[in-house]
Structures are given as structure tokens and as C-alpha cells.
Amino acid sequence: MPFSLVPDLLFDDYAAVTPALLRELGVTLLLSDLDFTLAAKATRHPDRALKDYIAALRDAGIGFMIVSNNRSGKRVTEFCAELSVPYQGRAGKPSPRGIFAAIGRAGGTAAHTAMLGDKLLTDCLAAKRAGVLALTVEPVGGAATAWQKVLHALQAPFKSACRRRMQKNGKK
Ligand SMILES: [Mg+2]
């Protein structure tokens, strides 16, 4: 179902998406959104935990790239440089084009790629349209503004559907 807003798997945070789990899922390239997925919005520097996570992916031989709708701002560029990870900006999610560009740059295939993000209408939908595994996390720092709270409420039924399916499949 290419236009589904129900993620394939749902996690509390990115740390739960371990290299071992990715290997089990056949994922060799992990693409990730930045804001609210890897760090709270507008965070300038990656923290120790995120650096360790990226190092663990690298050790496991899993490729990694940040795919963001951000227009290559200085903050994101510096954030990615500090992590030593490549960055695909202007991704235009929910368009799949940024994901396709990232897969092309990494020399991967959609079948072995996952897209991790916090927003169903951009990250998850782009993943579905690109035909990659759609992994969703709860937003880092929670829903802060009124708009984020609305978004949170709108996403809830789709997340519930994902949780029910995961329970049925014995994934959680
Ligand atoms: Mg985000």
C-alpha cells in the first residue's frame, strides 16, 4: 500500500533501532530525518549518545545518511559534519525524490533501505512512496508547540494501527 500513513514499525526513540534489528530486517542503508528524530528541534550539536549510535551503525557496516527537508542550512550542515555523516537536503518529503537521491548516492537499493522519521505525513509517506521500510519514532523532546500537539493527535490513530499490527506479529 504505497500511500499508507501507517509506519512499518514504531519505536520510542532512535536508539531502539539497533544495528542488530536492522540486520534482522535486511537493512544495509538507514536514512534518517534530523529534527525531532535524532535531536530536539534546532539542536546545534549532536550529543555523545548520537555519536555512539552512528559509530555502532558504522561498525556494523550499515550505511547512514540524513535526509531532510531543511534547505541545507548552516546548522544542519555543521551538525552532519560533526557526525561525519552525509546529508541529503531539500528532500521535499513527502516526495520520494530525496530518498531516491540518497539511495543513489549510497549505491544502495530500496529493498535494503529504511527511512526513519517522526512525521507520518512527510517521513513515513515519503518512505512508502519510495518503497523503503518506514520506521517511526516518537518526537524527541515531545510535542512542544500547539501545532505539534495537533499533529501529535492527528498521527495517533495511525500509530495505534502500527502498534496493533506489531503486537499481532509478535514484534513488541
Ligand atoms: Mg522531523
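**Entry 1: the sheet.** Before looking up partners I wrote down the rule I use: two strands pair if DSSP finds at least two bridges between them. I also noted that this is a predicted model. With that settled, I looked up Met115 and found that its bridge partner in strand 6 is Ala134. I then counted 4 bridges joining strand 5 to strand 6, and these two strands run parallel.

**Entry 2: the metal.** Which residues coordinate the magnesium ion? I found Asp33 (OD), Asp35 (O) and Asp118 (OD), at 2.1 to 2.2 Å. The spacing of these donors in sequence reads D-x1-D-x82-D. Asp35 sits in the loop between strand 2 (29-32) and helix 2, while Asp118 sits in the loop between strand 5 and helix 5 (120-130), so this pair ties together parts that are 83 residues apart in sequence. I checked the accessibility of both: Asp35 is buried at a relative accessible area of 11%, and Asp118 is buried at 5%.

Entry 3: I moved on to Lys119, which is in the loop between strand 5 and helix 5. Is Lys119 buried or partly exposed? With a relative accessible area of 25%, Lys119 counts as partly exposed. Leaving out residues up to four places away in sequence, Lys119 touches Phe36, Cys124, Leu151 and Gln155. For Lys119 and Leu151, 32 residues apart along the chain, I noted a C-alpha separation of 8.5 Å.

**Entry 4: the cores.** The largest nonpolar core holds 32 residues, and Leu30 and Leu135 have the most contacts inside it. Among the elements that give two or more residues to this core are strand 1 (9-11), helix 1 (19-24), strand 6 (133-137) and helix 6 (146-168). I also noted a second, separate core of 16 residues, which includes Val67, Ile99, Ala127 and Val132. Going back to Leu135, I listed its contacts beyond four places in sequence, including Leu9, Phe11, Val17, Leu22 and Leu30. Ala114, Met115, Leu116 and Gly117 are also touched by Leu135.

**Entry 5: helix 3.** Which residues of helix 3 are buried? My list is Arg75, Val76, Phe79, Cys80 and Leu83. Viewed down the axis of helix 3, its buried residues fall within an arc of 125°, so they line one face. Lys74 and Ala81 are exposed, on the face turned away from the buried side of helix 3. The cover over the buried residues of helix 3 includes helix 2, strand 3 and strand 4.

Entry 6: My last stop was Gln88, in strand 4. Gln88 is buried, with a relative accessible area of 14%. Beyond four places in sequence, the residues Gln88 touches include Met65, Ile66, Val67 and Ser68. Gly98, Ala101, Ala102 and Arg105 are also touched by Gln88.

Key. Residues are numbered from 1 along each chain as its sequence is written. This is a predicted model: local features need pLDDT of at least 70, side-chain atom pairs count only at pLDDT 80 or more; totals for chains, interfaces and linings use all residues. Side-chain values use heavy atoms; hydrogens and water are left out. A nonpolar core is a set of buried Ala, Val, Leu, Ile, Met, Phe, Trp, Tyr and Cys residues joined through side-chain atoms within 4.5 Å. Buried means under 20% relative accessible area, exposed over 50%, partly exposed in between (1.4 Å probe, protein chains only). Contact means heavy atoms within 4.5 Å. Donors are N, O and S atoms within 2.8 Å of the metal (3.2 Å for Na, K and Ca); water is not among the atoms, so sites may look incomplete. The arc is that of the directions from the helix axis to the C-beta atoms.
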